[in-house]
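Reader: I would like to go through this model with you. I want to know where each label comes from.

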Amino acid sequence: MGVLSRIGVALDSDLLERFDHFISRLGYTNRSEAFRDLIRDRLVAERTAVPNAIVVGTVTLIYDHHAHGVTEKLTELQHANHDLVVSTSHAHLNRDSCLEVLIVHGKSQRVEEFAGHLIGLKGVQHGRLVMTGPHEFPRNKSGDVATRAATQIAQSKSAHHHANGKHHAHGQ
Ligand code: NI
C-alpha cells in the first residue's frame, strides 16, 4: 500500500445525502472506505475491459438439467477451455435446477467469450460473469495479493477435478 493521502472532495449536499443513504444501506460505517471501494471498482472495470488483461473471476450459471444436452454441453465447453477453468462447484437447488459456479482465470477477452458461450447455451436460464484484476491490488505487509492469488490458483489447478463430470449424478 502506498502512502496515505488525504483529499478534500467538494460535493453537492444533496448528492452527499443520497450517497450516505446508499452506503449505509450497503453497511458501510464510513465514507472513506465507500469511496475507496467505488474507485477500485471503476479501476477494475477499466482494467478488465482491456482484451489482453489477465483477470480472475466467476461465472455463475443456473440451468435446468432436464434441458436436452445442456449438462453435456456445459462439460464439453469447460473441457475445451480447461486452461481458463480453475475450479467448478455445483449445487442441486431442487429437483430441476442446478447452480454451477466456475472460477476462471485468463485473458479478459477469452474469459468473456467463454462465459458468453456458457451463458448462451440453450437450457441455461440465468448467468453472470464477474471479473476482477488480481494485479489491481497493491502489496501489503503480508505479501503481494496478486502473487498469493496466482499461487492459490496453481495449487487448486493441480488438484482440479470435476465435481460435475462423469460421477455427477442428478436427481431422479
Ligand atoms: Ni445438479
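Reader: What makes β1 and β4 a pair?
Author: Two strands pair if DSSP finds at least two bridges between them. Strand β1 (residues 54-64) is joined to β4 by eight bridges, so the pair meets that definition. The two strands run antiparallel. Opposite T60 stands R128 in β4. Strands themselves are DSSP runs of E, at least two residues long, and helices are runs of H or I, at least four; both are numbered from the N terminus.

Reader: What kind of model is this, and how are residues numbered?
Author: The model is predicted: local features need pLDDT of at least 70, side-chain atom pairs count only at pLDDT 80 or more, and totals for chains, interfaces and linings use all residues. Numbering starts from 1 along each chain as its sequence is written.

Reader: How do you know which strands are at the edge of the sheet?
Author: Four strands form an open sheet, in the order β2-β3-β1-β4, with antiparallel pairing. β2 (85-92) and β4 (124-132) each pair on one side only, which makes them the edge strands. On average, neighbouring strands are turned by 15 degrees against each other, direction ignored. Axes here are lines fitted to C-alpha atoms, for helices over the stretch in contact, and angles run from 0 to 180 degrees between N-to-C directions.

Reader: What links β2 and β3?
Author: Seven bridges, in the antiparallel sense. S89 has V101 in β3 as its bridge partner. A hairpin through four residues joins β2 to β3.

Reader: Which strands does helix α4 lie across?
Author: Helix α4 (residues 108-120) lies across β1, β3 (97-107) and β4. Its angle to β4 is about 165 degrees. Residues are in contact if their C-beta atoms, placed from the backbone, lie within 7 Å. By that rule, and leaving aside neighbours within four places in sequence, V111 touches V55, G57, L84, V104, G106 and M131.

Reader: What makes a group of residues a nonpolar core?
Author: A nonpolar core is a set of buried Ala, Val, Leu, Ile, Met, Phe, Trp, Tyr and Cys residues joined through C-beta atoms within 7 Å. The largest one here has 19 residues. V59, V104, V111, A115 and L118 touch the most other members. β1, β2, β3, α4 and β4 each give two or more residues. β1 gives the most, with five. In soluble globular proteins, nonpolar side chains tend to be buried together.

Reader: Why is P134 called partly exposed?
Author: A residue is buried if 20 or more other C-beta atoms lie within 10 Å of its own, exposed if 12 or fewer, and partly exposed in between; C-beta atoms are placed from the backbone. P134 has 19 within 10 Å, so it is partly exposed. P134 lies in the loop between β4 and α5 (145-158).

Reader: How do you know that α2 spans what is expected?
Author: The expected span is 1.5 Å times one less than the number of residues. Helix α2 (residues 31-48) has 18 residues and reaches 26 Å from first C-alpha to last, close to the expected 26 Å. α2 is hardly covered, with one buried residue among its 18.

Reader: Where should I be careful?
Author: pLDDT is the predictor's confidence in each residue, from 0 to 100. The chain averages 84, and 77% of the residues score at least 70. Over residues 158-172 the pLDDT is below 50. Where pLDDT is low, the predicted coordinates should not be read in detail.

Terms used. Two residues are in contact if their C-beta atoms, placed from the backbone, lie within 7 Å.
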